[in-house]
Amino acid sequence: MDFELTDENKMFREAIRNFGEKEVAPLVEESEETNIFPKQLFKKAADQGFLCPRYPVEMGGGGGDKITECIMVEELNRVNPGIASSLMAQSGLATQPIYNYGSEKQKQDFLIPAIHGDKVGAFGLTEPNAGSDAASIKTRAVRDGDSYVINGTKIFITNGPFCDYVIVAAYTDPAKRGVGINLFIVEKGTPGFTVARKLDKVGNRSIETGELVFEDCRVPAENMIGEKEGGGFAQIAETLLSGRITYGARCTGVAQAALELTVQYAKERVQFGKPIIKFQANRFKLAEMATNVDVMRTYTYRVAWMYSAGKDVRTEGPMVKLFTAELLQKILSDAMQIHGGYGYMMEYPIQRFWRDGRLFTITEGTSEIQRLVIAKQLGY
Ligand SMILES: Cc1cc2nc3c(=O)[nH]c(=O)nc-3n(C[C@H](O)[C@H](O)[C@H](O)COP(=O)(O)OP(=O)(O)OC[C@H]3O[C@@H](n4cnc5c(N)ncnc54)[C@H](O)[C@@H]3O)c2cc1C
């Protein structure tokens, strides 16, 4: 058993950390303020192999594995979870279904430009009345000659307001609950596809999140991912499973940032004549935070390694998401407590991580849904 990262992994971490600090950090304040994502980052990250580190080099990717992707996600979330999330969507949800199940033409037209940062993708599953219960989506895709006509609404879609294409989940056969779903690639500019609104969020303000409407939106039949009608739910499940592991790295990155900020603050803040880090109550909290960050990272890497080795992670994937997202809430709460009143002020960065990290027990499958899946997997 070897728990060491490879030399390649370590070099990659150093390079992505450098990228995060030099290229991402200077853009954070403006992006958070304006709620506009700095789009130049897609190309910049892609040029250095950081946008889609897991796809083959021949396609323009980094040629790495799931651990490589986790390192990228952790380091970017340590800088800014919102910006990290937009880039993560590109390396996962918005490309993986095409990589795994797409046609050669779909790969040429969408996947490869996305890996190169030339096109931005989004993934549209959630609807106003269908979140956790994804099989109850109402969006329909009806075959008409060489096309499908799509009608429906998608909500909370990351990168939706400016994406070049969106992968849309729609029923081709609504009589078959879950099984009758397919994924379709819908390009920006297709008549009938509109961004109804950009959503105003409590946190992760540097992500642009949208509500997308499809009204008699006609797409070529060749834009359906997969060769036959039905089976899209399995494609979605596979994509979400991979994302649950990535989420462990997302939570670890935010936890690491919270720990670093809190240690720094506790060393500087003086009360009762000494830095507050000298008080046992605070030292104990920080010791526990550091322990938890290490366990989160180690567990995430373990499951990422299992995934890359082709092992079945249908139980461990949701375990990673549940464990790291829940533990992060405690870490953020302790970090805020140690910051005292200043932590509650917008001028201190800890509040942003607290707001951003609150999302993580909700999105990409709530903690309750992870528990349901784990219990089912274990036969409870
Ligand atoms: C910022 C942001 C970005 C997002 N990005 C995307 C994206 O890019 N693409 C996309 O498709 N979606 C996206 N989502 C949607 C996200 O995945 C959903 O919000 C999430 O799956 C939960 O669905 P919901 O919000 O409808 O909550 P609901 O399903 O309405 O759940 C509400 C509450 O009830 C609980 N609950 C529901 N069912 C059960 C049950 N059976 N047992 C126990 N408890 C239950 C839930 O755990 C939750 O606590 C995003 C959401 C946000 C907020």
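A polar contact is a pair of N or O atoms within 3.5 Å; within protein, one atom must be able to donate a hydrogen and the other to accept it, and residues adjacent in sequence count only if both atoms are side-chain atoms. The model is predicted: local features need pLDDT of at least 70 and side-chain atom pairs count only at pLDDT 80 or more, whereas totals for chains, interfaces and linings use all residues. Residues are numbered from 1 along each chain as its sequence is written, and side-chain values use heavy atoms, with hydrogens and water left out.

**Ligand site**

| Residue | Ligand atom | Distance |
|---|---|---|
| Serine 132 | oxygen | 2.6 Å |
| Threonine 158 | nitrogen | 2.9 Å |
| Glutamate 368 | oxygen | 2.7 Å |

Taken alone, the ligand exposes 980 Å², of which the protein buries 64% (Shrake-Rupley method, 1.4 Å probe). The ligand is surrounded by 18 residues, the closest being Thr126, Ser132, Phe156, Thr366 and Glu368 (a residue counts if one of its heavy atoms lies within 4 Å). This shell divides into seven nonpolar, eight polar and three charged residues, with Gly counted as polar. Strand β3 gives the most to the shell, with three residues (strands are DSSP runs of E, at least two residues; helices are runs of H or I, at least four).

**Helix packing**

Helices α3 (residues 66–79) and α7 (residues 232–268) pack at an angle of about 35 degrees, their axes 7 Å apart (axes are lines fitted to C-alpha atoms over the stretch in contact, and angles run from 0 to 180 degrees between N-to-C directions).
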